[in-house]
Amino acid sequence: MLARIIEQGDAGMAEHDRQRRAALGLGLAGLAGLTAAGTARAQTPTSTWDRIRTTGEVRIGVVPGEPWFYKDVSTGAWGGIGTLAGEAIAHDLNVKLVTVETTWAAAVAGLQAGQYDVMFVLDATPQRALALDFPVQPFFYYAQGVLVCDGTPAQHWSDLNKPEVTIGVALGTAPERDVTARLPKATIKRFPGLDPALLAFQAGQLNVLCFYHPALVLMQQKTHFGTVVLPEPIRYSATSAGVRREVDKTWRDWLGTTLDFYYTTGQTQVMYETYLIARGIDPAKAPPVVRELWAQKS
């Protein structure tokens, strides 16, 4: 009888030990799970929106190149339509604007690395959309235009599709590809860049210089020669603002809503005109960046 009691007691103690070890194991597993969850939360990067609200500053990437961005060598301050957009959003967020100089080639990598919060005038291409987020709403529009010599009709693209019309384009650009397909009868001269094409235009070797209209406006201002025209049918592209891709879409969505508000209320066009005036250009002579106004200018 005593042996059976001892045997039963040993069995009970063994079962108790087994249950205690199981409970301990569950407790350790739960603790490990909580630790892992805490570590995961700690490793989750702060969203751009939270960072802006916490630090009280919004950082924009800037690249020397008018009319989008330019640096005043005397003051070190940045200007251009992209900078003006940054100033506007900083004002509406009630935060400080910080400019971070970069290059177009490094723009995507800089956003991914969190070096700045937004890059204005960054076109939303399929390739870039693989790496970044873009608001649905565009920033503004630019059209494929022409800088024409006085007396050269250019209301329609068909006016330029003639052998006696000599058109200068920058090799490898979208305007070069479009003009080649659109104007098969015209005489097209290709240059390694816009600067040599502009020199040829000034020298009278070209009747027409073709590129996007904001750049042509600057060229006309530099040379005081020719007229910027948007031939019909107008071919245009939308530009956007690139942001880092992240789970929290608050920053992207707020930016899109704000850009749309600026565009529809005319503030975007005012930014462009503010830039033009700062550079000594009469806005009345420059096609707008709001496409709905192009018909009024033609």
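Where in the chain is P67 found? The points below take up this and other features of what is a predicted model.

1. P67 lies in the loop between β1 (57–62) and β2 (70–71).

2. As for its setting, P233 sits in the loop between β11 (227–229) and β12 (236–239).

3. Turning to the chain as a whole, the protein contains 11 helices and 13 strands, and of its 298 residues 43% are buried. When contacts between residues at least 6 apart in sequence are considered, 67% of them join residues at least 24 apart.

4. The axes of helix α8 (residues 213–223) and helix α10 (residues 267–278) come within 12 Å of one another and cross at roughly 20°. Because angles under 35 degrees count as roughly parallel, α8 is described as roughly parallel to α10, and the crossing of the two is right-handed. On the α8 side the contact is made by H213, P214, V217 and L218, and on the α10 side by Y272, Y275 and L276; sorted by class, these comprise 6 nonpolar residues, 1 polar residue and no charged ones.

5. Helix α10 also meets helix α9 (residues 250–264), and here the axes come within 4 Å and cross at roughly 75°. Since angles of 65 to 115 degrees count as roughly perpendicular, α9 is roughly perpendicular to α10. The residues that make this contact are L259, F261, Y262 and Y263 of α9, together with Q267, T268 and M271 of α10, and by class the contact has 5 nonpolar, 2 polar and no charged residues.

6. Two backbone angles deserve a careful look, given that most residues other than glycine have a negative phi. V121, in the loop between β5 (119–120) and α5 (126–129), has a positive phi near 60°. With a relative accessible area of 7%, V121 is buried, because the limit for that class is under 20%.

7. H224 likewise has a positive phi, near 55°, and its place is in the loop between α8 and β11. Is H224 buried or exposed? Its relative accessible area is 65%, and H224 is therefore exposed, the limit for that class being over 50%.

Terms used: Residues are numbered from 1 along each chain as its sequence is written. This is a predicted model: local features need pLDDT of at least 70, side-chain atom pairs count only at pLDDT 80 or more; totals for chains, interfaces and linings use all residues. Side-chain values use heavy atoms; hydrogens and water are left out. Axes are lines fitted to C-alpha atoms, for helices over the stretch in contact, and angles run from 0 to 180 degrees between N-to-C directions. Angles under 35 degrees count as roughly parallel, over 145 as roughly antiparallel, 65 to 115 as roughly perpendicular and the rest as oblique. A crossing is left-handed if the near helix is turned anticlockwise from the far one by less than a right angle, and right-handed if clockwise. Contact means heavy atoms within 4.5 Å. Ala, Val, Leu, Ile, Met, Phe, Trp, Tyr, Cys and Pro count as nonpolar, Asp, Glu, Lys and Arg as charged, and the others, Gly among them, as polar. Buried means under 20% relative accessible area, exposed over 50%, partly exposed in between (1.4 Å probe, protein chains only).
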